Number of protein chains: 2
Amino acid sequence: MKNALEQQIRKIAQAAKKASYALALVSTDEKNAVLKKMAQALLSQASFLMTENQKDLLEAKRQKYPASLVERLLLNEKRIKAMADSLQETAQLKDPVGEILETNHRPNGLVIQKVRVPIGVVGIIYESRPNVTSDCIGLCLKAGDAVILKGGKEAVYSNKAILKVLREVLKDSKIPADAIQLIASVDRTAVNILLKQKETVDLIVPRGGESLIEFVAKHSLIPVVKHYKGVCHTYVSEHADLNMAHHISFNAKVQRPGVCNAMETLLVHRDAAPRFLPVMVDEYKKAGVEIRGCPITRRMVKKGIKAAKEADWYTEYLDLILAVKVVDSLQEAIDHINTYGSHHSDAIVTDDQKEAELFCKSVDSACVYTNASTRFTDGYEFGLGAEVGISTDKIHVRGPMGLEGLTTYKYIVTGTGQVRQ
Amino acid sequence: MKNALEQQIRKIAQAAKKASYALALVSTDEKNAVLKKMAQALLSQASFLMTENQKDLLEAKRQKYPASLVERLLLNEKRIKAMADSLQETAQLKDPVGEILETNHRPNGLVIQKVRVPIGVVGIIYESRPNVTSDCIGLCLKAGDAVILKGGKEAVYSNKAILKVLREVLKDSKIPADAIQLIASVDRTAVNILLKQKETVDLIVPRGGESLIEFVAKHSLIPVVKHYKGVCHTYVSEHADLNMAHHISFNAKVQRPGVCNAMETLLVHRDAAPRFLPVMVDEYKKAGVEIRGCPITRRMVKKGIKAAKEADWYTEYLDLILAVKVVDSLQEAIDHINTYGSHHSDAIVTDDQKEAELFCKSVDSACVYTNASTRFTDGYEFGLGAEVGISTDKIHVRGPMGLEGLTTYKYIVTGTGQVRQ
């Protein structure tokens with residue numbers, strides 16, 4: 001059984017690799033035309049998609065999955081419209097492939113060009129909404145990459161249906177249908193097998209909970225770009241405009257607490273704390289936020305604050321819970337963020353520009369903010385268009401991973417017979 | 001014992017991480033001054049370095065290592081001078097840190113800058129000449145990275161001595177001495193322990209034989225940029241200037257056969273083969289090159305050609321041996337290279353520009369050449385300066401890995417109180 005699955009996944013990966021070579025030669029216009037047809041196909045096949053989605057929903061109810069998961073699984077006309085719109089938008093984005101990044105005329109007459117090219121085959125492992133399936137297909141095709149999707153078992157009927165509709169579109173195009181692949185097996189070993197296909201798969205992108213990410217990083221023989229948790233901080237300096245600090249701190253925690261760019265820990269300079277914290281905590285409490293504070297915070301605010309434990313500083317709550325710490329200096333804030341944070345998004349509120357610069361240089365995160373909410377870390381907000389996720393890795397791509405993150409480069413060298421002396 | 005080693009390496013990595021934060025704030029002038037002092041220190045401590053190097057040489061002779069290895073280990077005044085020169089040259093290179101890669105003014109007033117920054121801590125695992133030790137230290141410091149070196153056991157005295165001299169220089173500088181670290185243990189498990197320090201080490205660069213690279217890729221929990229073998233090709237089209245093809249093919253194989261950018265397989269279009277191959281093979285034989293040919297090559301050249309086996313097409317000889325194959329078409333050449341090659345450097349010789357373009361687009365290698373020798377794949381030849389190695393990976397850095405490959409970027413976002421709607 002494991003052998004059969006291994007053979008099947010190896011065949012899928014080989015077919016994707018072969019398709020990737022053809023896809024790399026397809027023009028921008030052809031790619032865009034395909035994306036637009038895919039958008040139309042999702043709309044015209046909406047009832048088929050919803051019928052298949054019902055099978056996942058029924059199974060989810062039978063398995064007594066939490067209501068929030070069932071809600072995320074649901075495909076209705078509005079959501080299918082949103083998936084189609086996303087493909088249309090991807091068609092509008094600038095094609096990154098072929099961009100000449102550098103041209104270097106060497107003294108010996110060689111012309112060396114650094115040119116943006118597709119990566120090849122990208123494997124995406126995720127556990128979530130069916131719209132991720134079509135979003136990732138759109139972005140990968142636009143970047144010229146073949147894609148192998150391994151979605152969650154709870155969405156298997158929906159994902160199969162989406163693939164069926166989109167592959168049908170490819171049959172009448174210059175892009176081989178094998179450029180988009182789904183591993184539909186619900187066997188957990190399927191992920192492990194995919195992670196070994198280093199001859200054919202060029203990059204693995206895992207999106208999901210901590211245990212999935214760690215499993216992938218541990219077992220992959222293929223380079224991985226991780227989309228890990230967001231333990232984001234806001235630091236309110238003693239030089240902050242406290243009214244601004246109030247708005248930013250509130251927004252970063254409360255506006256949408258369940259996402260990775262929401263704040264999890266608020267750091268406050270001890271000279272700002274007496275003026276800032278009592279009012280701020282009051283506001284949080286009105287919004288239903290549970291506060292877990294350091295000893296000074298608890299002394300300062302007096303009532304209704306739980307004691308933060310060491311583990312709280314590491315925790316991504318994804319909920320209306322906030323850890324609060326009073327610090328003695330900018331350096332203590334920086335050290336705290338670099339020690340306990342997840343290198344995702346962190347902000348300082350200050351009117352002192354030198355302080356802001358030192359914070360931005362010293363905090364070792366993908367996105368560092370001065371006087372703005374961490375909630376802006378997002379492909380659309382950054383002007384990159386749709387994103388595959390937010391990378392917390394340092395190499396290849398950092399922060400929002402859009403089309404450029406799905407490409408690499410090659411050197412194209414043109415000579416007139418040069419040989420090495 | 002293993003526990004003690006584990007603790008020791010963890011401490012080394014933590015110290016490097018701490019030092020990396022300080023190093024990231026050091027100015028270009030200060031870094032360059034340190035590099036120049038390091039160069040002077042190598043020269044003034046040359047006799048100490050040679051004395052320590054003698055211990056490695058003695059041990060190598062006692063262990064009856066091959067003469068070529070002993071030769072590579074040797075440090076003499078000329079080689080120490082070359083190491084010092086390399087540090088001086090690195091001081092002259094443009095500092096990549098701080099470069100603003102993009103600036104994006106968003107409609108909401110946010111200013112989003114993508115800025116080049118150091119990676120943090122880089123671990124380099126290598127088996128080779130002692131000069132690699134000082135070269136890598138120079139490049140990493142210039143890029144603002146702390147570095148942990150794990151050299152081969154055959155060079156342990158030499159490497160320790162180099163570290164001692166260079167750390168001494170750091171003691172009088174703004175760069176903490178802990179920014180350069182050596183794991184001197186000759187225990188093989190030391191590599192395995194280093195590969196698990198994902199909290200502190202940001203990137204692993206292995207340089208060495210196939211088995212080392214595979215071991216690292218399999219066991220690392222840290223992102224790896226691989227510097228793998230070079231199975232490089234030259235394809236002589238039927239549209240080639242055969243005189244040029246002759247010079248390029250000869251140079252790519254014979255000028256320095258022991259390096260990764262030397263050609264290992266020659267592909268020839270069947271219409272060019274009768275005019276090209278017999279003369280070319282004759283020339284190779286005069287230079288002492290052993291030819292392993294496909295059936296058509298053997299029929300065409302008649303005598304003194306061994307039959308190439310399937311394994312030959314995959315082999316990096318690093319020697320005066322060449323595999324030769326006659327192909328029916330450009331596409332067959334491309335397919336052969338993508339199937340058997342190592343995605344390093346491959347060349348076409350042709351006067352047909354459309355053919356050259358299709359070759360360069362379709363061949364999935366870090367460096368693709370038209371009408372030039374593959375031997376040019378090199379940091380200096382590409383105008384990048386010194387290099388850590390040649391990456392055969394597709395993500396983060398591809399081809400020669402110079403200073404830029406030792407950096408990443410972060411987004412620095414400046415606002416005036418913006419919150420997410």
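**Exercise 1. Which helices do the buried residues of α3(B) pack against, and how are those residues arranged?**

Step 1. In chain B, the buried residues of α3(B) pack against α4 (67–73), α5 (77–92) and α7 (156–170). The model is predicted.

Step 2. List the residues. B:Leu49, B:Glu52, B:Asn53, B:Asp56 and B:Ala60 are the buried ones in α3(B).

Step 3. Look down the helix axis. The buried residues of α3(B) fall within an arc of 105°, so they line one face of the helix.

Step 4. Check the length. Helix α3 of chain B covers residues 46–62, 17 residues in total, and reaches 24 Å from its first C-alpha to its last. That is close to the 24 Å expected at 1.5 Å a residue.

Step 5. Look past the end. B:Lys64 follows α3(B), and its phi is positive, near 55°.

**Exercise 2. Examine α11(A): what is its span, and which residues are buried or exposed?**

Step 1. Start with the span. Helix α11 of chain A has 14 residues (273–286) and should span 20 Å at 1.5 Å a residue; its end C-alpha atoms are 19 Å apart, which agrees.

Step 2. Find the buried set. In α11(A) this is A:Ala273, A:Phe276, A:Leu277, A:Met280, A:Val281 and A:Tyr284. These residues cover an arc of only 115° around the axis, which puts them on the same side of α11(A).

Step 3. Find the opposite face. Turned away from the buried side of α11(A) are the exposed residues A:Pro274, A:Val279, A:Asp282 and A:Lys286.

Step 4. Name the packing partners. The buried residues of α11(A) pack against these elements of chain A: β7 (232–236), α10 (242–254), β8 (263–269), β9 (290–293), α12 (295–301) and β11 (321–327).

Step 5. Look past the end. α11(A) is followed by A:Gly288, with a positive phi near 85°.

**Exercise 3. How is chain A divided into domains, and how many residues does each domain give to the contact?**

Step 1. Take the bounds. Domain 1 of chain A is 2–227 + 397–414, and domain 2 is 232–381.

Step 2. Take the separation. The C-alpha centres of domain 1 and domain 2 of chain A lie 35 Å apart.

Step 3. Count the contact. Domain 1 of chain A gives four residues and domain 2 of chain A gives five residues.

Step 4. Sort by class. On the side of domain 1 of chain A that touches domain 2, there are one nonpolar, two polar and one charged residues.

**Exercise 4. What rotation superposes chain B on chain A, and which surface do the copies use to meet?**

Step 1. Superpose the chains. A rotation of 180°, with 0.0 Å of shift along its axis, places chain B on chain A at RMSD 0.1 Å. The two copies are thus related as by a two-fold rotation axis.

Step 2. Locate the axis in chain B. The C-alpha nearest the axis is that of B:His396, 1.8 Å from it.

Step 3. Count the interface. Chain B supplies 57 residues to the contact and chain A supplies 57 residues. On the chain B side, α9 (210–219), α10 (242–254), α15 (353–362), β13 (367–372) and β16 (407–418) each supply at least two residues. The largest share, 11 residues, comes from β16(B).

Step 4. Sort by class. The side of chain B that touches chain A has 26 nonpolar, 20 polar and 11 charged residues.

Step 5. Compare the surfaces. 100% of the interface residues of chain B are also interface residues in chain A, so the copies meet through the same surface.

**Exercise 5. Where do A:His343 and A:His396 lie, and are they buried or exposed?**

Step 1. Recall the background. Most residues other than glycine have a negative phi.

Step 2. Take A:His343. Its phi is positive, about 60°, although A:His343 is not a glycine. A:His343 sits in the loop between α14 (330–340) and β12 (345–349) of chain A. With 24 other C-beta atoms within 10 Å, A:His343 is buried.

Step 3. Take A:His396. Its phi is positive, about 70°, and A:His396 is not a glycine. A:His396 lies in the loop between β14 (389–391) and β15 (399–401) of chain A. A:His396 has 22 C-beta neighbours inside 10 Å and counts as buried.

Terms used
Residues are numbered from 1 along each chain as its sequence is written. Chains are lettered from A and ligands numbered from 1 in the order in which they are written. This is a predicted model: local features need pLDDT of at least 70, side-chain atom pairs count only at pLDDT 80 or more; totals for chains, interfaces and linings use all residues. Domain bounds come from an automatic or database domain assignment. Two residues are in contact if their C-beta atoms, placed from the backbone, lie within 7 Å. Ala, Val, Leu, Ile, Met, Phe, Trp, Tyr, Cys and Pro count as nonpolar, Asp, Glu, Lys and Arg as charged, and the others, Gly among them, as polar. Helices (H or I, at least four residues) and strands (E, at least two) are DSSP runs, numbered from the N terminus. The expected span of a helix is 1.5 Å times one less than its number of residues. A residue is buried if 20 or more other C-beta atoms lie within 10 Å of its own, exposed if 12 or fewer, and partly exposed in between; C-beta atoms are placed from the backbone. The arc is that of the directions from the helix axis to the C-beta atoms. Copies are superposed by least squares on the C-alpha atoms of residues with pLDDT of at least 70 in both.
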